[in-house]
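Colleague: I would like to learn how to read a few features of a model from its coordinates. Could we take them one at a time?

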Amino acid sequence: MTPAAATSHAGLLYEAHAAVCKVLANASRLRIVEALGEGELSVGAIAQKTGASMSGVSQHLALMRSTGVVEARRSAGFVYYRLTSPKTFQAWKLMREVLLERLAAAGELSAPGGGGKRPDSRRTGRGAAAK
C-alpha cells in the first residue's frame with residue numbers, strides 16, 4: 001500500500017470511529033448498549049429495561065443501526081436488535097471501569113451506584129458566587 005493510500009485509509013477509519021463515538025455519546029444510547037450486552041432484545045424489551053419509550057428507543061436504534069453499532073432481524077411481527085460485535089459491549093464495560101476508577105480516585109464515589117461528595121465549582125462551571 002502506498003503512503004497516500006495508507007493515509008486515505010487512516011482518514012476513513014478516523015471518520016468512522018468518530019461517527020460511532022458520536023452515536024454513543026448519548027446516555028440513552030449507552031443504556032441501550034448495556035441492555036443489548038445481555039443479548040438480543042425486542043424494542044419493547046429494550047424500552048422496559050432502559051425506562052425509555054418505545055418510540056424513543058426506536059429512534060435511537062435507527063441511529064445506532066446507521067453506524068453499524070446494532071443490527072436487526074424481524075420475526076413474527078417483532079424487530080429484534082443485537083450488538084453487531086460483542087467488542088462494542090467490551091468497550092462499554094472498559095470505559096465504565098475507567099470512569100468508576102476516576103470517580104473513586106476523586107472521592108466522588110462512596111458506594112456502587114452513586115452517592116459521594118458533590119463536585120466542586122471548577123467542574124460544574126459555577127463560580128464562587130454560586131456557593
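Predicted model: local features only at pLDDT ≥ 70, side-chain atom pairs only at ≥ 80, totals over all residues.

Colleague: Which side chain meets that of glutamate 71 in a salt bridge?

Modeller: Side chains of opposite charge can pair when their charged atoms come close. Here the side chain of glutamate 71 meets that of arginine 82, with 3.0 Å from N to O. Salt bridges with shared partners join Glu71 and Arg82 with Glu40 and Arg73 into one network.

Colleague: What does arginine 73 pair with?

Modeller: Arginine 73 forms a salt bridge with glutamate 40, at 2.8 Å from N to O. The pair links distant parts of the chain: arginine 73 is in strand S2 (residues 70-75), while glutamate 40 is in the loop between H2 and S1, 33 residues apart. Arginine 73 is partly exposed, at 33% relative accessible area, and glutamate 40 is partly exposed at 31%.

Colleague: How many salt bridges does the count come to?

Modeller: The count comes to four, under a rule that asks for a side-chain nitrogen of Lys or Arg within 4 Å of a carboxyl oxygen of Asp or Glu. One of the four is between glutamate 38 and lysine 49, at 2.8 Å from N to O. Glutamate 38 lies in the loop between H2 and strand S1 (41-42), and lysine 49 in helix H3 (residues 43-50), eleven residues apart. Glutamate 38 is exposed at 61% relative accessibility, whereas lysine 49 is partly exposed at 48%.

Colleague: Now pockets. What volume does the largest pocket have, and which residues lie nearest its centre?

Modeller: The largest pocket has a volume of about 340 Å³. Its lining has 13 residues, with Leu24, Leu30, Ala91, Trp92 and Met95 nearest the centre. Helix H1 (3-24), helix H2 (27-36) and H5 each give two or more residues to this lining. The largest share, six residues, comes from H5.

Colleague: How do the residues of the lining divide into nonpolar, polar and charged?

Modeller: Ten residues of the lining are nonpolar, two are polar and one is charged.

Colleague: Which residues form a nonpolar patch on the surface?

Modeller: A surface patch is read from its members and their accessible area. Leu94, Met95, Val98 and Leu99 form the patch, and together have about 340 Å² of accessible area. Leucine 94 is in helix H5 (residues 86-105). Leucine 94 has a relative accessible area of 53%, and the cut-off for exposed is over 50%, so leucine 94 is classed as exposed. Met95 belongs to this patch and is also among the residues nearest the centre of the largest pocket.

Conventions: Residues numbered from 1 in each chain as written. Heavy atoms only, no water. Patch = residues over 30% accessible without salt bridge, like charges linked within 9 Å, V, L, I, M, F, W, Y side chains within 5 Å. Areas by Shrake-Rupley, 256 points an atom, 1.4 Å probe, with all protein chains shown as cover. Helix = DSSP H or I, 4+ residues; strand = E, 2+ residues; numbered from the N terminus. Buried < 20%, exposed > 50% of the residue type's maximum accessible area, 1.4 Å probe, protein only. 1 Å grid on protein atoms, 1.4 Å probe; cavity = no way out; pocket = protein on both sides within 12 Å on 5 of 7 lines; lining within 4 Å. Points joined across faces, edges and corners; volume = space filled by probe spheres on them. Nonpolar A, V, L, I, M, F, W, Y, C, P; charged D, E, K, R; others polar.
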